[in-house]
Amino acid sequence: MNAIGSADNPLRVAVIGSGPSGFYAAEALLQSEHTTEVDILERLPVPYGLVRYGVAPDHARLKDVANTYAEIARDPRLSFVGNVTFGKDFTLRELADCYHAVILATGAATDRKLGIPGEDIQGSHAATSFVGWYNGHPDYRDLVFDLSGGSAIIIGQGNVAIDVCRILAKSPDELRKTDIAAHALDALAESRIREIHLIGRRGPVQSRFTSKELRELGQLSECDPSVDPNDLLLSDACKSELADVREPTRARNFDAFRSFASRQQEKPKCCRIHFFLSPREARGEHKLEELVLERTRLVGAAGRQEAVGTGQTLSIKAGLMIRSVGYSGRALEGIPFDDARGTIPNQNGRAEMTLAGKCPVYVAGWIKRGPTGIIGTNRADSLATVATLLADLPTFGSQQKPGREAFAFLLAQRATRSVSFQGWEMIDQAEKARGTPFGKPREKFTRIPEMLAASTGRP
Amino acid sequence: MPHVVTGNCSDCRFTDCVLVCPVACFHGDDHRMYIDPIACVDCAACVPACPVHAISESADLSQDQQMWVQINAYKSGNTPVIRSKQTPLAGAEERRAALGYGPS
């Protein structure tokens, strides 16, 4: 028997999920010294996860990371299998028959709840829904957002919140040449939202924006950002956090807030960045009319300040509320899950589970560590998981696994229609061709049957 | 505006940046790292990864750091892509402490 990873017995690994962490895990496996085959299995017919469906359409340059993934995918040792769902088209047990190991890189697809009364009232939505909608994700493309009111509230002050804010604030002309879904562009062109409230529990020094994204808010053609100057009066603890040389982003962001606070409001739309407010209740007769918030103050030592309520409340009237207060992974059948953290319990990427005589399971990306960091953060994370897997290799035994041929046979028996990377390249070409007449980089297919039809390359 | 590696990298070269770069835009030689401005997608993942805060968006550079824009563009064209973590240069930790970024 030859050791796993030798030329006669290639290490065969299935990666579930084709977002950044899945592709970086595949890349790390292929770059190892072992003879390796990697199959990336994806629920949708199209790859790239949040690069396609999370990154905002007006951040075209960031979407270029997909070119890096395409290069990885063209390695003959890698196979992309789209349109196959874990737990529906195949089980973990079946994967164990085909592969030496499985890496779960399924991300964090659901929103965390605010936990306040009225949270689910009509007009209140999760950011994942809104982001999925404007990016043309088939799960969200038929949602309807009421953009007819004058104002909108966004809860949360991270980069997703700021993406949502920017998409609501931009003019149709600023979005027209992006890959935004046509249905979203049409709806946003009719939007009557003029005032956007961006709500944060803590203060300007604790905000988690990337400076670049924050500054972008100051460069929109039809919207001025604003900050209440009183929110920029800092306590000693905040001053010391601001002066921390290890966190230069704080000072950069604070400069941006200061410029927003002294800015003349001249454009038709306004984005108000509020600090020290915590949502308490969403109210309305049949749909959202107002959000009640409680003013907060910070307590604790510098670097560990937490927001606590002051008892003082106020309300903001709005017909649309988008909640962006974090994400959570989804549990997968037969895999232990930490509901509180929204992740799969693991040791350095090895899932904490026992499958007697079956294949070991690893995790990478958001399902491993929770929804933190940006695209590149997942590369370091996936490299670490693959290092754990390769260190475990001697414990895998020396059994041969049949890999992709057996998996393809299994899918064929079920009449599952899978999409190869060549199939995706057909979809890709068709989307780009659809975008050309409108000056868009692509017009995405937003329904799975359309994607499947395009994957055959026949018009 | 691409990101650039500035003076703090020289004589440190921790290379934590290369692990988080989503597009392999880091190049390096025996002294330091450089960002290929064409390949960089401006995601800023490398900015917090650098232990000596050597990486900035070009827009954030001070006047005396402006030269790094050209140096990164030129040197990245003549040095190999670095994709895996390298051993930091001798004296890197001491230099990090001297810059005020030592472990607290």
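Okay, a definition first: I call a residue buried if 20 or more other C-beta atoms lie within 10 Å of its own, exposed if 12 or fewer, and partly exposed in between, with C-beta atoms placed from the backbone. This is a predicted model, so local features need pLDDT of at least 70 and side-chain atom pairs count only at pLDDT 80 or more, while totals for chains, interfaces and linings use all residues. Residues are numbered from 1 along each chain as its sequence is written, and chains are lettered from A in the order in which they are written.

Let's start in chain A, with strand β3, residues 78-81; strands are DSSP runs of E, at least two residues, and helices are runs of H or I, at least four, numbered from the N terminus. A:Leu78 and A:Phe80 point one way, A:Ser79 and A:Val81 the other, and all are buried. β3(A) runs parallel to β2(A), residues 36-41, with four bridges joining them; pairing takes at least two DSSP bridges. A:Ser79 is the bridge partner of A:Asp39.

Now, domains. Chain A splits into domain 1 (11-108 + 329-419) and domain 2 (110-326), with bounds from an automatic or database assignment. Their centres, over C-alpha atoms, are 33 Å apart. Eight residues of domain 1 contact 15 of domain 2, contact being C-beta atoms, placed from the backbone, within 7 Å.

Over to chain B and helix α3, residues 67-76: its buried residues are B:Trp68, B:Asn72, B:Lys75 and B:Ser76. They span an arc of only 95 degrees around the axis, which puts them on the same side; the arc uses directions from the helix axis to the C-beta atoms. B:Gln70 and B:Tyr74 are exposed on the other side. The buried ones pack against β1, β2 and β3 of chain B.

Key
Two residues are in contact if their C-beta atoms, placed from the backbone, lie within 7 Å.
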